[in-house]
Structure formats: C-alpha cells, structure tokens
Amino acid sequence: MTATNDLAEVRDAVADLLTDRVTPEILEAAERDGWAATVWEPLHAGGFTTVGVPEAAGGAGGSVAEACSVLEAAGAAAAPVPLAETGLLAGRLLAAAGLPLPDGPLTTGTGAVTLTGGALSGQLARVAWASAATRIAVLADGPDGAVVALVDPTTTRIAPGHNLAGEPRESVDLDGVVPEAIASVPPDTRELLARRGALARAALIAGAARRVLEVTVTYTGERVQFGRPVSRFPAVADHLVRIAEQTEMAAMAARSAAVGAGEGEPDALDVAAAAAVASEAAGLVAAAAHQATGAMGVTREFALGVLTRRLWSWRDEWGGERAWATDLGRTLAAGGPDALWPTLSRGVRTGT
Amino acid sequence: MIFEPTALSADEEKLRDEVRGFLAETLPPDFRPGLGLGGRHDPEFTRTLAQRGWVGMSIPTRYGGAGASTVRRFVVIEELLAAGAPIAAHWIAERQSAPAFLRFGTEEQREWFLPRIAAGECWFSLGMSEPDAGSDLASVRTTATPVEGGWRASGTKVWTTNAHLNHFAAMLCRTTPQAEAGDRHAGLSQLIVDLADEDVHVSPIPLIDGEEHVNEVVLDGVFVPDERVLGEVGQGWAQVTAELAHERSGPDRYLSILGLYRAFVDVYGRDPDDARAAAIGRIGAQLWTIRQLSLAVARSLDQGEAPAVEASLVKDIGTTFEQQVVEALRDAAGGEIDPDGPTMFDRLLAECVLNAPTWTLRGGTTEVLRGIAAKALTKGS
Ligand SMILES: Cc1cc2nc3c(=O)[nH]c(=O)nc-3n(C[C@H](O)[C@H](O)[C@H](O)COP(=O)(O)OP(=O)(O)OC[C@H]3O[C@@H](n4cnc5c(N)ncnc54)[C@H](O)[C@@H]3O)c2cc1C
C-alpha cells in the first residue's frame, strides 16, 4: 500500500503547479482551440503526464494510486489536458503491449476495431483529445487475438465533438489506416482498460467535487441576503453538508479502489463500486452547488461552471453509475447471499 | 477531513475470521436477523460473547476488558451487526457507558462497573431525552437536589430504550438551577440511576410496529449516592458531547439493512433483471464506501484524533443510506408488503419499513447532525 502521505504529496505538488496556470482565460482558450499548451508543458516537464506508466516502459513510474492522486489534483483544477489518457490509459496500454512510449499527449478510446492484413478498420467514438494527441493507442482485434496498434492521428479521419465542458471528444475513423507499430496483448486488456478508464474518471470527479465544495462554501459565506451570509440559512447549509458528504464518498471510493490496486491493476469489484459511487456523487454535488450559489453560479464567469460541466460529463464517460451498478450487482448476485458481506467488507487490500 | 482508506492488518483479519466462525456456529440456520442496533436483548448471548472477550473490548485488561483498539472493537461489532446478532443487552453499556466511566469515572466506579460490563452482566440504558428535551437536550428538567450523602432526582425521561430490562441508566439531570448556573449548558450532571429502585417507575411506550422496547421512566425522588455521580458535578454537558465521536460513526449506522439486503439477494438474486441487478450493485457500492469512511474514523480515533465532525457526516450518510436501501429494495422487489409473507425478505421488509423512520432520529436527528457539520464547514464565514 502506497503510504497516504506520499499520495497527498503528489496531489499537492500537482495542485501547486496548476494553481496559477489554469486561469479562466486559459480555460476559455482551451475550449476554443482544443488545446492548452501552457498547462500541458509544465506538467510534462515535471514528469506528471506519465505517472503510473512503468519507468522501464518510458514512463515516470508509480502506482495506479499515485496516478489517481495526479488526477484528483487535475480534476480540482479543471486542467484541460489529457492527463488520464496519456498516463493511466494509453500509456499503460502501450506498456502492457511492450511498445515504446511516444513523447507528448496520448489518447485511446473504445470501439470495435479490427486489424486485417496490416490495416485497421472500424471507428472509435468520443475519443478525448484525438487531434491534439501525438499518437493514439488503439485496442483492436487481430487475426490471433487482441492487439494494441500505435496510430498517428494525422493518418485518420477525425470528426469534431466535445463534452459539456468543451473538452474534445472526437470520433476517429480508422478504416484503412496502417499503424506505426502493432503488438499483441492478453485477452483481458480491454477489460483492464475499461476499469482504468472508469477509475480515472472517478478520481477526476473526486478532485472536482472537492473544489466545488470550496467554491460553494466561500461564495455562500460571502453572499449576504436578509442581512447575513446565505450559508447561515439552514436550507443552504444543508446543501453544503450534502456536497461535503458526496465529496467524501467519491474520494473514499476512488482512493480505495486506487490503493487496492497495489503495484498492479485495479480490482473489478473495487472499480465498479468506485465508479457507481463517484458518478452518482457528481450529479448530486453539481445540483446542490448550483442551488446554493443562485444565478451567479450559472454564469460563464463564475468558477463553478468549469467544474460542474466536467462533473456532468465525466460521470458518464467510461460508463455511468447505472452501468457500473448493474455490472457490480450481477457479480454480487452471482456470489449468492452468503458471500455478500464477506465480499463487500473485504475493504482495501494491502497490495496484490 | 481524516478520511483516508485504511486496510485491516493481518491480526485484525484474523479476529474477524474468529467472530465469523463463532457466529456461524452460534446462530441457528433459520435465524431472523435483528436490524443492526435493533438486535434483540438476549442475556445468554451477551454472556457467551463476553466469555470470548468481545464485550467491552476497549476496557483495559486491569478492569476485566480486552484493552483492545477502536479498530479491533470495530471489527467485532461490525460482524455482530452484519449478522443481526442479539446484542441489545450490552450494547449501550459497551458503546457508551464503559468509555464514559473510563474517561470521567472515579477509580471506585471503574473497579465496580467495568468488570461487570465486560462480563456481560451489567446493562445500561441512556437517560437523556425528556418530553420537553429532544434535540434541545440542554433543556432537560429532571432535577437532582443535594441531600445527605447524595442526591434526590425527580423528573421524567422518555424513549429510554430497554429501561425495563437493563440495570442502570446514566441520567442527565439539572443539578444547578439554570438561573444560578447562567449558561444553559452549565449545571448539568450525569447520575447513575439503579433502574430497579422502588422510586423509579418504568412503563412502556409502544411504537408503530407494536413493539415495546422504549419506555417512559419516572424518577420519583430516587436517591442517588454521591459515588454514583458520573464525572464532575456540573460537567454533564461536556461529558455527553465528548462521547459523540465514539458513538456516532460506527457500523450501527449503516448495517441495519444488511439482513434485508441479504434476503433480497437470496430471493431475487438468481438471474436478476437489470433493475434488480442495478439495485443490488448500487447498494453494494455505497455500503463498500461508507464502511471505508466509518473504518477511517475508527482508525483515526486510535491515532488520538477526535474526528467529531467526520463522525456526524458518517452517521448522516449511513442512516440516510439505510432508509434509501429499504425503499430501493421494496421498489425492486415489487408487490405489496406482507408482514406474514413466505420469505425472510417479506418479513424483514415489513419490519424495516416500520423501523426506518427511527434511524435518522435516534442519537441526533439528520437536521441536527447537518447543523453540526455545517458549522464546521463554514467556520470563519
Ligand atoms: C427508537 C428510538 C430509541 C431511542 N432511544 C433513546 C434512549 O434510549 N435514550 C434517550 O435518551 N433517547 C432515546 N431516543 C430519543 C432520541 O434521541 C430523540 O428522538 C432525538 O434526540 C430527537 O428528539 P425528538 O424526537 O424529541 O425530536 P425533536 O427534537 O422534537 O425534533 C422534531 C423535528 O425538529 C427538528 N429539529 C429540532 N431541533 C432542530 C434544530 N436545531 N435545527 C433543525 N431542526 C431541528 C428535528 O430534526 C426533527 O425533524 C430514542 C429515539 C427513538 C426513535
């Protein structure tokens, strides 16, 4: 188990680095241009973009839990760059395939893609930062099983698209594209990628939710109506408490699943639970925060929207709460009533 | 906030296995689980548990306890509550009274009460609420006046769980009139009242499920000797509130529904449709997370912290969750609620629906807990 203090240090280091760099102007520009070089470069220089990718594979090293600590800080800052995609997702995918790690932002996606005679066919839907990435790691079905194919995005046809936060979510047409490199991977690679995708989103949600709490507590403490700060009204205070509760739920779920991965991959049950909890929390946190901050909260200018638009998007990326709850429910039901409590009370495993 | 994931050590896991093994041997196969802290009052079970050293675990060995950490106690009570074991006889004595004696009691009181509590032979009720003092506990009117060698207490307590079965109750009384004490939180004291005393009159208050486990307790000038005052005279308020971090965030706040959840999986878990699978999964995910929050509080208590606000949050999250579970499983099962239905699920659902309203009331209402948490969150504004 990675010591809690180390994880907090990683979180703080990334938070410090991002504080003055992710400004409202930068966020507006990123939504317009699809890229934020002044945010990416310092993270890259600091070695934070490939945390969770083994050093031997060209990454910065570190566990899944450390990678998720980076993501919590990135979520809190609303950093408009593909940190999850470069490290935990594409980076680890390439490492598993034994392929070299290209420099710069990377991404990956899901979709039915096949490899025949050296060329790909199929589409990836809603790929994060596909055009901005230097390479896309594509998981495809080859003639002899699953493969990872390294693709240069400029050789694909990309159709634009966004999530609610204006983050690029593009569709990538791979028909006829010849990858730069191909390597076979074990059959469970797709499932592991989906798990890391969902866990990464849970960590981002946990970070953003905590920042929403701070923003909302501050605003409601300063906004005066009827002669006192609105946070003194019990009905408003109730919103604050529920935001705090859901934030702690999301964070505990994401951190438990991340820490439970030890030096390996996160566990199926842990991730399903974390994703179900964090995705549900995202919607509750956003709704309560907007109610508590009145009209100011829904303005483009106010610091809340960049966070809530992300919460509303991230909760469904890599599967929403119902999908993960259903998945988890089937697993738990299959175990039968006697296994229910022993399974759920297993808690955080001390490494694998 | 102190919420960080914490794992059980190998030793703690071993203890858990022992408790599981014991429960599997002890509870009959057709056992109907109690609803968490609403488990049945069973002196025999309490004594058996005590023989294993699992009652009053945090009591130091020199007073007959196990001298165990908060987390080890957590491990044991979590398993007992998950099984719906009949823990009511020792529940308050072990959760509330023993820690209070340790912190505020005299050496004499510790030597007398603690070994008896740890042996499962001395059971307590909580005498806080009164007809006019619910959430606003400081407005209690039960009054104790000094007499030769002690106090005479008069007043009426209500909702006193199991006062008809237990031996003692720690009664919060006013010992200095408010006019003299000034501050309304001053002048309160905790008196240990012998519930078998002839000047104590216990009568049941039936609840909506027809059960009679809460009582009205009239103190009719009952004599309480000086050596039965818990802690300092006048410090009752501080003592009562200091107990809250220990009391609020435990597994009793999210495990009342475990028996129902299990029974649902038993009846509807074979090849569930999507809606039922989603219900099972959502409850599992929440439970898995809340348990980690509660365990984190226990661990931080062992590290010498006093996470009172976190404890309030966990209690609120846990009890709200419990109520949602009842409604979610009722909805997923479909059909009418039948208290005499053929399955354990039918019967437990009926019991849960009738008991769920109390989960967010007892030990501090949702509104009061959120008030405490909000104050901490907005400190400074
Ligand atoms: C099954 C059961 C067992 C119990 N066992 C015991 C026991 O053994 N010993 C014991 O002493 N007590 C016991 N209680 C009593 C319990 O502690 C009280 O019910 C609780 O403190 C609330 O008080 P009340 O019921 O008088 O509600 P009230 O205080 O009258 O509250 C009514 C409503 O007003 C709200 N409210 C009150 N004050 C505020 C405020 N400041 N801000 C916002 N909202 C507020 C409450 O949240 C609630 O919604 C038990 C209760 C139950 C249901």
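This is a predicted model: local features need pLDDT of at least 70, side-chain atom pairs count only at pLDDT 80 or more; totals for chains, interfaces and linings use all residues.
**Stop 1: the interface**

Select the residues of chain A and chain B that touch each other. The contact draws 48 residues from chain A and 46 residues from chain B. Between the two chains about 4,100 Å² is buried, and carbon and sulfur atoms account for 68% of that area.

Now turn to the charged pairs. The interface of chain B and chain A holds 6 salt bridges. To display a salt bridge between the chains, select Glu280(A) and Arg282(B), whose closest N and O atoms are 2.6 Å apart. Polar contacts can be shown next: 11 residue pairs between chain B and chain A make them, counting pairs with both residues at pLDDT 80 or more.

Next, hide chain A and keep the side of chain B that touches it. The elements giving two or more residues to this side are helices H1 (10–26), H3 (70–83), H9 (258–268), H10 (274–302), H11 (308–333) and H13 (366–377) of chain B. Colour H10(B) separately, as it gives the most to this side, with 17 residues.

**Stop 2: the ligand**

Select the ligand and the 15 residues around it; those that come nearest are Leu126(B), Ser135(B), Trp159(B), Thr365(B) and Glu367(B).

- Leu126(B): a backbone N or O atom is 2.8 Å from a nitrogen atom of the ligand.
- Ser135(B): an N or O atom in the side chain is 2.6 Å from an oxygen atom of the ligand.
- Trp159(B): a backbone N or O atom is 2.8 Å from a nitrogen atom of the ligand.

By residue class, the shell around the ligand contains 8 polar, 5 nonpolar and 2 charged residues.

**Stop 3: a salt bridge within chain A**

Show the salt bridges of the whole model; the count over all chains is 44. One to centre on is the pair Glu28(A) and Arg300(A), with the closest N and O atoms 2.8 Å apart. This pair joins distant parts of the chain, its two residues being 272 residues apart. Glu28(A) sits in helix H2 (residues 24–33) of chain A, while Arg300(A) is in the loop between helix H8 (268–297) and helix H9 (305–314) of chain A.

Methods: Residues are numbered from 1 along each chain as its sequence is written. Chains are lettered from A and ligands numbered from 1 in the order in which they are written. Side-chain values use heavy atoms; hydrogens and water are left out. Contact means heavy atoms within 4.5 Å. Buried area is the accessible area (1.4 Å probe) that two parts lose on being put together, summed over both. A salt bridge is a side-chain nitrogen of Lys or Arg within 4 Å of a carboxyl oxygen of Asp or Glu. A polar contact is a pair of N or O atoms within 3.5 Å; within protein, one must be able to donate a hydrogen and the other to accept it, and residues adjacent in sequence count only if both atoms are side-chain atoms. Helices (H or I, at least four residues) and strands (E, at least two) are DSSP runs, numbered from the N terminus. A residue is near a molecule or strand if one of its heavy atoms lies within 4 Å of it. Ala, Val, Leu, Ile, Met, Phe, Trp, Tyr, Cys and Pro count as nonpolar, Asp, Glu, Lys and Arg as charged, and the others, Gly among them, as polar.
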